[in-house]
Amino acid sequence: SLAGPWTEIEEQTQDILRNEFTATVSEFGYFAIADTRDVAPPSASLACDAAQLVNTPVVVDVTLSEPVTHLIPADITTTNAAISGLAGGGPQYQFVLTPTNQGAFTARIAAGALRDAAGNPNSASNVISRTFDSIAPGVSLTSDAPLEVQSAIAVSALLTDPSDEFTAADIAITNAAVSGFAGNGAIYAFTLTPLAKGPFSARVVSGAFSDAAGNANSASNALERELDSTGPTIVLSSEAPAVVEGEIVVTASVSEVTEDFTAADVFAANAVVAAFTGAGKSYTFRLLPKGPGPFSAGVEAARCVDALENGNAASNVLERTCEPAMLNLVSPNGGETLERGGPIQVTWESSGNIGTRIRIELWRRGTLIKTLKSKTVNDGAEMVELPAKLAPKNGYRVRISSVTNQGIYDGSNKPFRVQPAK
């Protein structure tokens with residue numbers, strides 16, 4: 001360098017490439033050249049305040065190290081997203097990045113996309129990356145318990161998206177209480193206890209909680225069960241009248257399906273249970289009286305169970321009275337001497353269902369001699385006449401029978417004699 005004072009004359013000029021530089025001339029005629037060209041590339045930095053998992057478009061801020069000639073949406077490279085609302089100037093810009101589909105979406109400014117005033121291309125920016133999730137989380141409630149239960153049941157709640165906001169308070173219940181709620185992420189469990197006999201249920205209403213992206217849940221299925229803590233009831237019935245001649249058919253109607261109801265479960269008084277058959281909720285059997293008089297049948301409590309092992313309640317007691325159909329000739333019953341052509345009174349006793357009409361006949365030694373009355377009211381007595389031309393002999397008998405059931409009959413125990421009229 002040269003000592004002494006300098007008289008500097010500065011002049012800005014350009015070289016042949018039109019790059020600007022400054023020339024300085026001293027008082028001694030020497031000059032120096034200072035290179036003032038801008039050769040530094042501009043840089044861009046992208047920033048976003050949104051969380052990593054979002055369910056809406058996000059706002060992105062662009063900070064440039066120096067102004068550029070222009071910044072337009074085409075200068076920004078995106079993946080699974082679209083740009084809108086680009087605005088700003090100088091070193092600061094801002095735009096909205098809207099995801100196109102579910103999943104990751106990104107934005108960046110590639111190297112060389114921008115130029116500063118000196119024409120220097122930019123260096124590559126950082127990459128802004130977020131994940132788009134706008135799908136509402138679903139909830140599925142399940143239980144291995146059967147449709148009818150005797151007590152509390154275990155319930156599983158499976159979420160399609162993890163959530164730390166799901167709590168017992170989000171469960172809507174009917175005739176039940178929730179306890180033992182536990183879990184995290186996408187898997188939860190709780191106990192559902194019915195409060196009273198009958199249907200009870202649980203469900204999760206829509207909007208009860210949100211996932212990590214802020215999406216409110218959709219409504220779950222309704223988990224429904226029924227509390228059955230009482231045993232089946234049994235009703236015995238029969239179309240037979242109150243008074244019968246013999247066996248009757250009985251129907252046993254059970255309120256719930258049972259597989260262990262048998263003839264041994266039926267108690268009988270003055271009767272025998274036979275031909276027991278049926279399944280599920282309907283059974284039949286024959287009840288045979290052992291003799292005349294009242295007879296009955298019933299089922300005691302806890303003789304059979306339903307599918308949940310609830311024992312049955314005691315049935316009604318089915319009662320009938322056995323009166324076998326019977327005719328008993330009282331007179332003439334043998335040993336009498338009667339006049340031919342004369343009136344005789346025939347009397348009898350009857351029981352059971354023998355009908356309302358009686359036939360009266362005169363027999364001798366196994367041969368029908370004459371029908372004295374083809375039908376008469378079954379009131380226990382009838383006046384008839386013996387034929388006037390009967391042969392006066394021994395060996396006659398009177399026989400009475402039911403008109404509707406001729407298998408029901410009776411006759412004189414011994415023969416009587418007929419003699420001529422006096």
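## Surroundings of Ile109

In this predicted model, Ile109 is in contact, once its neighbours within four places in sequence are left aside, with Ala44, Leu46, Val62, Leu71, Asp75, Ile76, Leu114, Asn122, Ser123, Ala124 and Ser125.

## The largest nonpolar core

Ile109 also belongs to the largest nonpolar core, a set of 21 residues in which Val62, Leu97 and Ile109 are those with the most contacts inside the core. The elements that give two or more residues to this core are the strands β4 (44-47), β6 (58-64), β9 (92-99), β10 (103-109) and β11 (128-132), and β6 gives the most, with 4 residues.

As a general background to such a grouping, nonpolar side chains in soluble globular proteins tend to be buried together.

## The β16–β17 hairpin

Strand β16, which covers residues 176-184, and strand β17, which covers residues 187-194, run antiparallel and are joined by 7 bridges. Within this pairing, Ala182 stands opposite Ala189 in β17. The two strands form a hairpin with 2 residues between them, and Gly185, which lies in the turn, has a positive phi of about 65°.

## Cysteines

The structure holds 0 disulfides, a disulfide being in general a covalent bond between the sulfur atoms of two cysteines. Cys304 has a relative accessibility of 0% and therefore counts as buried, and Cys322, with a relative accessible area of 5%, is buried because that value lies under the 20% cut-off.

Terms used: Residues numbered from 1 in each chain as written. Predicted model: local features only at pLDDT ≥ 70, side-chain atom pairs only at ≥ 80, totals over all residues. Heavy atoms only, no water. Core = buried A, V, L, I, M, F, W, Y, C linked by side-chain atoms within 4.5 Å. Buried < 20%, exposed > 50% of the residue type's maximum accessible area, 1.4 Å probe, protein only. Contact = heavy atoms within 4.5 Å. Disulfide = S-S within 2.5 Å. Pairing = 2+ DSSP bridges.
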